[in-house]
Amino acid sequence: MPPEETGLAIGPDPGALDWSRSGGLVAAVVQHAATRQVLMLGWMDRAALAATLASREVTFFSRSRQRLWRKGETSGNVLDLVAIAPDCDGDALLVQALPRGPTCHLDRASCFGEAPGDVFALVDAVVAERARTRPAGSYVARLLDAGVRRAAQKVGEEGVETALAAVAEDDAALLGEAADLVFHLTVLLRARGMGLGDVAAVLRGRHAG
């Protein structure tokens, strides 16, 4: 999502931040740019902020390793930068990003666990991870390898089954088919390089309008 579509400035003026309160660091709260889910908390020094703005991939200062650390440098679960904004005191940053896969090292969408509504973000993250790594035996990888047409066909099939369940079966059957439909829609979006977060952004724009 280009920064101009978010209505946010890409980054703050480093000179306007208060680097004195935490030994030259500022807290960086990472939020999913589309779903608004809080993903993680990290720390940035001036170099980490500069690296983040230059690379457009969120980079932190690791206090344990005492060096810059680009999120996803080993796992591949990179955070693509959308925007950064300081808080009112200038000693913390809100980092809006689009994750490529789970953010948490426990393979969860968020380091703060999953709220009931976050399951969609988790499914989106898992599908994105399968798309990136294409592990052997993965249904998602197999479907993506078959191409957009096959993924679209599955969405059509699941849509019909969901509609039939709505008029001819019980609530449990309808919910099961609806879950299958959302899952396959997520795979189809990923086949086109998008995710559920992009759909959420469109819905949010419509609501705002």
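The legends below describe close-up views of a predicted model. Local features are described where pLDDT is at least 70, side-chain atom pairs count only at pLDDT 80 or more, and totals for chains, interfaces and linings use all residues. Residues are numbered from 1 along each chain as its sequence is written, and side-chain values use heavy atoms, with hydrogens and water left out.

**View 1. The two domains of the chain.** The domain assignment divides the chain into domain 1 (25–99) and domain 2 (119–207), with bounds that come from an automatic or database domain assignment. The C-alpha centres of domain 1 and domain 2 lie 29 Å apart. Eight residues from domain 1 and eight residues from domain 2 take part in the contact, where contact means heavy atoms within 4.5 Å.

**View 2. The interface of domain 1 and domain 2.** About 540 Å² is buried between domain 1 and domain 2, with 47% of it on carbon and sulfur atoms; buried area is the accessible area (1.4 Å probe) that two parts lose on being put together, summed over both. On the side of domain 1 that touches domain 2, the residues divide into one nonpolar, six polar and one charged, a grouping in which Ala, Val, Leu, Ile, Met, Phe, Trp, Tyr, Cys and Pro count as nonpolar, Asp, Glu, Lys and Arg as charged, and the others, Gly among them, as polar.

**View 3. The salt bridge of Arg190 and Asp124.** Side chains of opposite charge can pair when their charged atoms come close. A search of the whole structure finds twelve salt bridges, and the side chains of Arg190 and Asp124 meet in a salt bridge at 3.5 Å, N to O. This pair links distant parts of the chain, with Arg190 in helix H5 (residues 171–191) and Asp124 in helix H2 (residues 119–133), 66 residues apart. Helices (H or I, at least four residues) and strands (E, at least two) are DSSP runs, numbered from the N terminus.

View 4. Strand S1 (residues 26–32) and strand S2 (residues 38–44) run antiparallel and are joined by six bridges; two strands pair if DSSP finds at least two bridges between them. Gln31 stands opposite Val38 in S2, and Arg36 takes a positive phi near 70 degrees in this hairpin, which has five residues between the strands.

Technical notes: A salt bridge is a side-chain nitrogen of Lys or Arg within 4 Å of a carboxyl oxygen of Asp or Glu.
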